[in-house]
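Subject: Structure for your review

Dear colleague,

Please find below the structure that I am handing over to you, together with its sequence.

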Amino acid sequence: MPEPDAGVISQRQSLVAALRKLLPEYCVIDDERGLRPFECDGLSAYRSLPMVVVLPRDTREVSRVLALCHERGVKIVPRGAGTGLSGGALPLADGVTVGFGKLNRILEIDTANRCAIVQPGVANLAISTAASPYGFYYAPDPSSQLACSIGGNVAENSGGVHCLKYGLTTNNLLGVEMVLMDGEVLRLGGKQFDAEGYDLLGVVTGSEGLLGVVTEVTVRILPKPSTARALLLGFPDNASAGACVGEIIAAGIIPAGLEMMDKPAIHAAEAFCQAGYPLDVEAILICELDGPEVEVDELVALVGDLARKSGATTIRSSTSEEERERFWLGRKSAFGAAGRMAPDYYVMDGTIPRARLPEVLTRIGELSREYDLPVANVFHAGDGNLHPLIMYDSSIPGALQRTEEMGSEILKLCVEVGGVLTGEHGVGVEKRDLMGTMFTEDDLKQQQRIKCAFDPDQLLNPGKVFPTLHRCAELGQMHVHRGETAFPDLPRF
Amino acid sequence: MADSLAPRDADGLADAVRWAVAGEHPLEVIAGGSKRDFGRPVQSAATLSLTAFDGIVDYQPSELVLTAKAATPLATIEAATAAERQMLAFEPADYAPLLGTDGEATLGGALACNLSGPRRIKAGAARDHFLGVHAVSGRGERFKAGGRVVKNVTGYDVCKLLSGSYGTLALMHEVTVKVLPAPERTRTVLVFGLEPVDAMEALGAALGSAHEVSGAAHMPAEVAACSAVSYVAGAGASVSAVRVEGFPASVEARCGALRELLGRFGALEELHSKNSATLWREIRDVRAFAEDNGPLWRLSVPPASGAAAAARIADAADARTLFDWGGGLVWLGVNGAEDAGEAAVRDAAAAVGGHATLVRADAPTRAARAVFQPQTAGLAALTERLKRAFDPAGVLNPGRMYAGV
Ligand SMILES: Cc1cc2nc3c(=O)[nH]c(=O)nc-3n(C[C@H](O)[C@H](O)[C@H](O)COP(=O)(O)OP(=O)(O)OC[C@H]3O[C@@H](n4cnc5c(N)ncnc54)[C@H](O)[C@@H]3O)c2cc1C
């Protein structure tokens, strides 16, 4: 992380006093006990106490806090529910953490326009709960949906098991209200489908709190599907499970969810919650189909056939809601199950072209033996998003470091086979230093110029995403050789 | 005589941009040229053609991704995907007839303008299917962003920013898009004789149902009369249309359920796959407005307010209307208004919340009027800063969207 600025830290008292002029006493936290809960996010290996935490109650307060910090050259770290897995909300010792716990109201459920307007601190699942009486729901469903905030979802462009059919956060957003670092309030999008001008909403989504602070979110809500059923399929090897995924998609089916677990993950989950998974297989697929009853029944049969042809040894289809939920139970508690298998676990999040899955799993197995660290793999099989869970014991000296090294090897492998470093958890501090494996210096500089357009002083969540910080003035320079008659052989037509 | 550049590879593109920067030659960027008259007229010293960037680079049907050079004609992409029973789900339009050009629509052009067809309401816009890009910035530097997998949050989503930037930020030369299985069957339920307000309610009821509607449009009588589908043209009344697609049994079931749902609104008819394809292509390409060449606006508004927005404009100007996206997209052909209807259109968009684009008008009108929605001071300043972040010398399609950008 960037070296904390001693000058800023020495001004802490005066900053706190100035913040207390803008916000009531209880919304400005500066005592150690109060700050402690904010010291890390879901990537708990990284910790740092923030200089101050503020909990604004409306957009105006957010804007005033940012303007004040901007004027004083103080850094800001936005924080939702703190469930992020890449250290995006990791505090800065010389920065103010802005929490959204008090911006937690659902402002409007508009069924005529099929959207909902909510404050950023609203939990993901709370939107579906509020829309449910009208027959609607909010589709993106990260496993953390009980806790994670919609503001954090926007910042990370979060996904969930239903994203294969219904898209990620970015595909389900209509608009945001956002505050720039200098306190300026902007509205991007609205209840209409398309943005005017440049798609600023699109670039803000997934920007990990580096471009602006989101203070209000308009999401699409969808009518609930009339039926949903799931299949539980067991395979004698990873390759045939992978092949079955290809067959399903080749048959023109986009399931609502299509998840894979390897043998260690199956056994961990089964020991944890007795979901009834077969233990004599190397891999399982959970395939959910939703829609009208005739379609679901037809496709359940079809997927069953495809699985049989791909060599499945277990084929079960849910005949009740209760059974469908039990199929999902093990998958949904996979992280918790890994937590039971070892004192600590580390969640990875790369995406690969699906066809490369068997080979990638084999190489992960080799790495696991080489580093002597057990790995369980859960996989959003439909879209190639792999979550290896590396199990370790942080009380053993050097274990965390070895785990991280192994994690880096896995992510580099993802890039090597044509995939990417992160499918849904974000770069944060965790994968920051790996950005160079995917991007050239010019690629990264162009991205940082976007940052400069939003936040020229680079005070918003610095130290995340980009391995090297360049000054905006330097990034903006362009060397032009005026008046040269070079380029004699540019092709003309 | 303006210079015309036609680089053959990415390094050539970078050279061309550096030449433009060094000599202060603003470039008009074109690929197929089908949408050349969309946007403000560009004050350029040279034309840069991307036509050399043609061809599918890699298509993996089982991975649901396709990579192509940016100027590959949409027709080529569509033929390749159709052969694998897949499609570009955002249903890109062909505006060549509408804009009176004979250019060929390309994949890069569809992405650069973020043009999406009727399936926008279900499958998303062009931007939602744009996964990765290789491009050259206005600084003459090559860069890439995104990737070749469907799920990716590594770095900023630059693809989104480039979609809908009308060539003002970077020259895209290779793009990766998501493809999806093409539906086996299509049915369209028609409701006859509804006034726009009732039509919006009917479309809203369909879209609010669990029947996975993939098209929801309303054609007032004079627009319906232009259709090549006899059931629509011969209706002698307005026609509201609701589309369902997918597996045969499912489509039949949903079509039946929709007929039940919509029966209370008016008389019904049902179109099968072939007629459906014709009708939705007409709606996608706004064909009913291709015969005249008067000013044409495109309003993006909250769907439930589509009829209200159109009514406000009709009070102030003589206008023909077509509603798509369940009312969220309103096409308005304005006749005889001094200002091409700008005042009335902007007023209506502001009243319901939304924005308007002047998609078609003669060059003097497009130079004199704001073609894109005028922005608030804050958004305009951010837009300018982003333009400078990619194209500090202002050599890529300068002024195409906004003066000075
Ligand atoms: C058990 C578990 C399961 C998970 N499962 C999934 C999953 O299935 N899919 C998935 O995608 N993720 C998953 N995650 C990761 C995490 O839940 C998501 O990234 C989530 O979106 C983070 O939301 P949050 O509110 O906790 O944000 P935080 O962790 O507080 O912050 C995340 C980032 O967002 C920024 N931020 C937060 N709020 C704002 C705002 N209002 N404006 C601007 N920036 C803001 C922060 O600065 C930070 O960079 C899981 C995490 C856990 C612990």
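Predicted model: local features only at pLDDT ≥ 70, side-chain atom pairs only at ≥ 80, totals over all residues.

Domains of chain A

The domain assignment divides chain A into domain 1 (6–99), domain 2 (106–223), domain 3 (227–334), domain 4 (343–425) and domain 5 (439–476). Taken over C-alpha atoms, the centres of domain 1 and domain 2 of chain A are 23 Å apart. Where these two domains of chain A meet, 15 residues of domain 1 are in contact with 21 residues of domain 2. On the domain 1 side, α4 (59–72) and β3 (75–79) of chain A each supply at least two residues. The largest share of that side, seven residues, is provided by α4(A). By class, the domain 1 side that touches domain 2 of chain A consists of seven nonpolar, seven polar and one charged residue.

Contact between chains A and B

The contact between the chains involves 82 residues from chain A and 84 residues from chain B. On the side of chain A, two or more residues come from each of α8 (200–204), α9 (238–250), α11 (293–309), α16 (435–438) and α17. Which of the elements of chain A gives the most to the side that touches chain B? That element is α17(A), with eight residues. The side of chain A that touches chain B comprises 33 nonpolar, 30 polar and 19 charged residues.

Helix α17 of chain A

Helix α17(A) covers residues 441–454. Its 14 residues reach 20 Å from the first C-alpha to the last, close to the 20 Å expected at 1.5 Å a residue. The helix is mostly covered, with eleven of its 14 residues buried. Among the buried residues of α17(A) are the charged Asp443(A), Arg449(A) and Lys451(A), and also Leu444(A), Ile450(A) and Phe454(A).

In chain B, strand β2 (residues 27–30) is covered on both faces. Leu27(B) and Val29(B) lie on one side, Glu28(B) and Ile30(B) lie on the other, and all four are buried. In a regular strand, side chains alternate between the two faces of the sheet. Strand β2(B) pairs with strand β3 (residues 46–49) of chain B in the parallel sense, over four bridges. Within β3(B), Ser49(B) is the bridge partner of Ile30(B).

With kind regards

How values were computed: Residues numbered from 1 in each chain as written. Chains lettered and ligands numbered in written order. Buried ≥ 20, exposed ≤ 12 C-beta atoms within 10 Å, placed from the backbone. Pairing = 2+ DSSP bridges. Expected span 1.5 Å × (residues − 1). Domains from an automatic or database assignment. Contact = placed C-beta atoms within 7 Å.
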